[in-house]
Amino acid sequence: MFQILNEDGKVVAKDDMPALSDEELKELMRRMVYTRILDQRSIALNRQGRLGFYAPTAGQEASQLGSHFALEKEDFILPGYRDVPQLIWHGLPLYQAFLFSKGHFHGNQMPEVNALPPQIIIGAQYVQAAGVGLGLKMRGKKAVAITYTGDGGTSQGDFYEGMNFAGAYAANNIFIVQNNGFAISVPRDKQTAAKTLAQKAIAAGIEGIQVDGMDVLAVYAATKYARERAIEGKGPMLIETITYRYGPHTMAGDDPTRYRSADLDTEWEKKDPLVRFRKFLEGKKLWSEEEENKVIEQAKEDIKEAIKKADQYPKQKVTDFISNMFETLPSNLVEQLEEYKAKESK
Amino acid sequence: MAQMTMIQAITDALRVELKNDENVLVFGEDVGQNGGVFRATEGLQKEFGEDRVFDTPLAESGIGGLAIGLALQGYRPVPEIQFFGFVYEVIDSISGQMARMRHRSGGTQNAPITVRSPFGGGVHTPELHADSLEGLMAQQPGLKVVIPSTPYDAKGLLISAIRDNDPVIYLEHMKLYRSFRGEVPEGEYTIELGKADVKREGKDVTIVTYGAMVHASLKAAEELEKTGVDVEVIDLRTVSPIDIDTILASVQKTNRVVVVQEAQRQAGIAANIAAEIQERAILDLEAPVLRVTAPDTVYPFSEAEEVWLPNYNDIIEKVNTVMNF
């Protein structure tokens, strides 16, 4: 397993250390802290009924944000349902992420952000990513399509087809598997007898690497490497990040105590990506409690503003949906548009 | 004007669009150097290059995903599914994904994809090649479903389908590929999607149909004429959305309707046509709307196609029932 920082925040692979400036290192930490707060607040807002669908992210900050930090604005993200943080750091306004959670189409109206809304069909993002990666290659763009799935998702046909297509076309792709050990209640060893998920790259004839997904520097370095290879025309790569979600699968009634022991949680809390990166930065005199509190306050403030904006956003109408179906409405929808216009004007 | 088979008209439409728009891409299993298992893409890779017309790995779901991804990069994909019985492998990409793209993105993204695929019976294909599954597609909001029955329609409808900025399922009946030639204009022309065509005018009874059943209906109409029954044959050409105006105009004239499809009775789109007519024109009807369909069994073993597929005799029988109601 590729690792740069151990649990104590010590550098264990000096030669692999990515070239990040002090300011970049601090920005990475800011994003991770911010996202941890976003997760805590999202869970609370969900419990208050002010958010809808929500898949917790705490524990996966290094995996999600370390990989995102290696991207450029022109790179295209095809996220899974748990990958909202990457969208936010790619430019999706927070209030729109909240509208996605609440179930409002405006949440999915990407503003000049190279990304799709979170994909609910596990694996679909992988086959679509192959198409985006091939498209970028054919357009001659120095950019990649990056996509994310979980450990359970590696059992899907689309997972294999996506990687295999991208491999056959040497497309500009990065495939990330965030292995948090569980697909809802099903442990990783019930998905496959394969010893690693990274080795599934072999079936597609592409390069694969298993990375410590709680180590933000390792995830960043692996993604950066994969990106450089891809834009040089060397084809796609599969990155497995070994990570953990501290919370439930989603907020829709999942209870992780039914399938996960307290000991396991404690073991992974020791590996917390924030703890070790904080130690690393403090050792370099780049981080202080004061700085961290500033980020926390900022996050809380932003979240308050965003949820207010989401709450105040105009309600959806059936006529909106009808208008968003086709460029030119077919006769059945022309008829139904008139029906609902009449209803809505009452 | 040239005399073309339907498959030649399809190739011609693809050529016109590959030339007309550099974003048009044709891909699928064996569509490149091989020119397609039915020669529908014959010569296109040679003329336009491997970047425009290319083979894919053997995986329908991957092909659907590839089309969606390429569409997101501004291309106009025209993927092929080798036989429509294989659509089950790619239902998520079609119904779960591309059909929903514009809606789920709140109108900010679209999928200008035309999925071409052969289907249809009467040529003794092996299992799951000939099944009529247009009913599945017609039930999915966000898709248009086009089924031509003549070389002329095939070309004009395919050009329109490719130019449409939303996904279109374009189904090609295998029995019609080479069974006859028809006049096809050179160069480009379009036929509006969602518009039916009256293939034969008549005043006594309306047959609403599509695909190979258009020709069976025309043959039945000829026979019926000898017995003094004047049949109007409407070729839907697009089975979703349906051209209700053309159907209603005909019903108001004839007051009797038979809907004819090759698909099983519980499948296809005939039930939808019958429902629309009874909701909108029940007072114009002298008799119930009857359906000619295949039986509700799995598509037959190839030797049994003749006894299973609906034919012109079945149509004559149903028309007479409606006439004598």
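Trainee: Where is Val53(B) found?

Mentor: Val53(B) sits in strand β3 of chain B, residues 53-55. Strands here are DSSP runs of E with at least two residues, helices are runs of H or I with at least four, and both are numbered from the N terminus.

Trainee: Before I go on, what sort of model is this, and how is it numbered?

Mentor: It is a predicted model, in which local features need pLDDT of at least 70 and side-chain atom pairs count only at pLDDT 80 or more, while totals for chains, interfaces and linings use all residues. Residues are numbered from 1 along each chain as its sequence is written, chains are lettered from A and ligands numbered from 1 in the order in which they are written, and side-chain values use heavy atoms, with hydrogens and water left out.

Trainee: Val53(B), buried or exposed?

Mentor: Val53(B) is buried, at a relative accessible area of 0%. Buried means under 20% relative accessible area, exposed means over 50%, and partly exposed is in between, with a 1.4 Å probe and protein chains only.

Trainee: What does Val53(B) touch?

Mentor: Not counting residues up to four places away in sequence, Val53(B) touches Leu18(B), Val26(B), Val31(B), Gly32(B), Leu44(B), Gln45(B) and Phe48(B). Contact means heavy atoms within 4.5 Å.

Trainee: Gln45(B) is on that list. Where is its place?

Mentor: Gln45(B) is in helix α2 of chain B, residues 44-48. Gln45(B) is buried too, with a relative accessible area of 14%. Leaving aside neighbours within four places in sequence, its contacts are Gly32(B), Gln33(B), Glu50(B), Val53(B) and Phe54(B).

Trainee: And Leu18(B), which helix is that in?

Mentor: Leu18(B) is one of the buried residues of α1(B). That helix covers residues 6-20 and reaches 21 Å from its first C-alpha to its last, close to the 21 Å expected at 1.5 Å a residue. The expected span is 1.5 Å times one less than the number of residues. Eleven of the 15 residues of α1(B) are buried, so the helix is largely enclosed by the rest of the structure.

Trainee: Switching topic: how many residues does each chain put into the contact between A and B?

Mentor: Chain B gives 41 residues and chain A gives 39 residues. The area buried between the two chains is about 3,300 Å², with carbon and sulfur atoms giving 56% of that area. Buried area is the accessible area, with a 1.4 Å probe, that two parts lose on being put together, summed over both.

Trainee: How many salt bridges cross the interface?

Mentor: One. The side chains of Glu335(A) and Arg280(B) meet in it, at 2.8 Å from N to O. A salt bridge is a side-chain nitrogen of Lys or Arg within 4 Å of a carboxyl oxygen of Asp or Glu.

Trainee: Which elements of chain B are on the side that touches chain A?

Mentor: β3, α3 (60-72), α4 (91-97) and α5 (101-104) of chain B each supply at least two residues. Of the elements, α3(B) gives the most, with nine residues.

Trainee: What about Lys226(B) and Glu223(B)?

Mentor: Lys226(B) and Glu223(B) also form a salt bridge, with the closest N and O atoms 3.3 Å apart. They are three residues apart in helix α8 (residues 213-226) of chain B, so about one helical turn separates them. Lys226(B) counts as exposed at 66% relative accessibility, and Glu223(B) as partly exposed at 31%.

Trainee: Last one: which residues do shared partners join into one network?

Mentor: Salt bridges that share partners join Asp153(B), Asp197(B), Lys199(B), Asp235(B) and Arg237(B).
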